[in-house]
Amino acid sequence: MSDISLLKVFTPLLIIGGLCGALLVMTDQLTAPDIQANREARTRALLEEMLQQSLPAQTEIDADIFGSCSEWLFVRTQTTGYAGPIYLTALWRAGLSSEDTEGLSLRVVGHQETPGIGDFIDHARSPWITDLDNSSARAYAQLDAVSGATITSNAIRRAAGQIFNQVEVFCEQ
Amino acid sequence: MSSNTQVLRRAVLTQNPAWAQLLGLCPLMAVSTTVVNALGLAAASSFVVIGSNVMISSLRHHIPEQARLPCFVLIIATFTTVTTLVLEAFSYELYLKIALFVQIIVTNCMILGRAEAFASRQPVIPACFDAVGTAVGFAIALITLGSVRELLAYGSLFRDADLLFGQRAGQWTLQLVETGPVPLAAYAPGAFIVAGLMFAMIQGISRRHPDVKKPGIEGT
């Protein structure tokens, strides 16, 4: 294809791309505040449901780890599943001195695991993860792999260990 | 009958994307579990098909023949993204339920088919009529299938209307039977069975009707 033909093909494509881009930027500007508010409200609702009490209004729920080491901490983390990253929000409740008195509850807030096979980690689809609520580090470490979704269930077990380590580091500081 | 009305009639009835051309069946099967879900997807698909048809028709003299498919996909993807953003901003709960199927509107062959066969060759007004007809035809199929499936699966109509119409619409649910007589209708196999029976019935009726032409994918 000659240079002139290439120019004839790509120039309109670029102009149309520019028009489409402008439309998208305009829509993004108009909808961004509402989308942000909706996402925050959903996150807050999830956290309050896990904690079973209201969060103080000034709580910065965007932080990767927040709360108090003497009561509860929320931790945001990610691990690698079968089909990509699995994003988790965890609630760690303080216990006494032994690891068995600590409780960890997990919720998957984003994943790409296979529907019908690996999506049992989604609390909206299966009670698998909610049944583990307030489990200890030892219980998570001894978690049985789920038949047919070993990589997914191992990813959750790995994430739980990772969260316990994060909590330990955070509380030592 | 004017040519625009003929275009509209053909797009809604004789060349209905769902029951005559069997296009766009993936979202049709997946989202038609309730009337409200069906309405949400119908509105989203309508916006995309009308917006993209009008834009493609307006730019048809500037779209190079060799690059027409990338241009069409670019325009359709833009309108799909706009729809997704608007849905996420103003109907978040519904977005969480049907977002995946709104996003795949971009690959919906019904929309690309109308762009290629009609909008890229016709002026804006007929292209707009064709898009409206296609959107209405798809919406009729979606809402009919959604109504039948919701009735069979849950024994109700308009459940979860608050997702689309706000909190006051929570009272709109019509519980006609205490429990759904055929719970299978809520799942994918039920969708295929109900859609198959519905399409067969429509084909049967249209064959008996002397005025209805044999369905086919016509462009111009």
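Student: How many residues of strand E4 of chain A are buried?

Tutor: Seven of the eight residues in strand E4 (residues 103-110) of chain A are buried, so the strand is mostly covered. Buried means under 20% relative accessible area, exposed over 50%, and partly exposed in between (1.4 Å probe, protein chains only). Strands (E, at least two residues) and helices (H or I, at least four) are DSSP runs, numbered from the N terminus. This is a predicted model, in which local features need pLDDT of at least 70 and side-chain atom pairs count only at pLDDT 80 or more, while totals for chains, interfaces and linings use all residues. Residues are numbered from 1 along each chain as its sequence is written, chains are lettered from A and ligands numbered from 1 in the order in which they are written, and side-chain values use heavy atoms, with hydrogens and water left out.

Student: In which sense do E3 and E4 of chain A pair?

Tutor: Strand E3 (residues 85-93) of chain A and E4(A) pair in the antiparallel sense, over seven bridges. For strands to pair, DSSP must find at least two bridges between them. Thr89(A) has Arg107(A) in E4(A) as its bridge partner.

Student: Which residue forms a salt bridge with Arg107(A)?

Tutor: That residue is Asp133(A), with the closest N and O atoms 2.9 Å apart. The pair links distant parts of the chain, 26 residues apart: Asp133(A) is in the loop between E4 and helix H2 (137-141) of chain A, and Arg107(A) is in strand E4. A salt bridge is a side-chain nitrogen of Lys or Arg within 4 Å of a carboxyl oxygen of Asp or Glu.

Student: Turning to chain B, what does the side chain of Arg114(B) contact?

Tutor: The side chain of Arg114(B) makes a polar contact with that of Asp130(B), at 3.0 Å. A polar contact is a pair of N or O atoms within 3.5 Å; within protein, one must be able to donate a hydrogen and the other to accept it, and residues adjacent in sequence count only if both atoms are side-chain atoms. Arg114(B) lies in helix H6 (residues 109-119) of chain B and is buried, at 5% relative accessibility.
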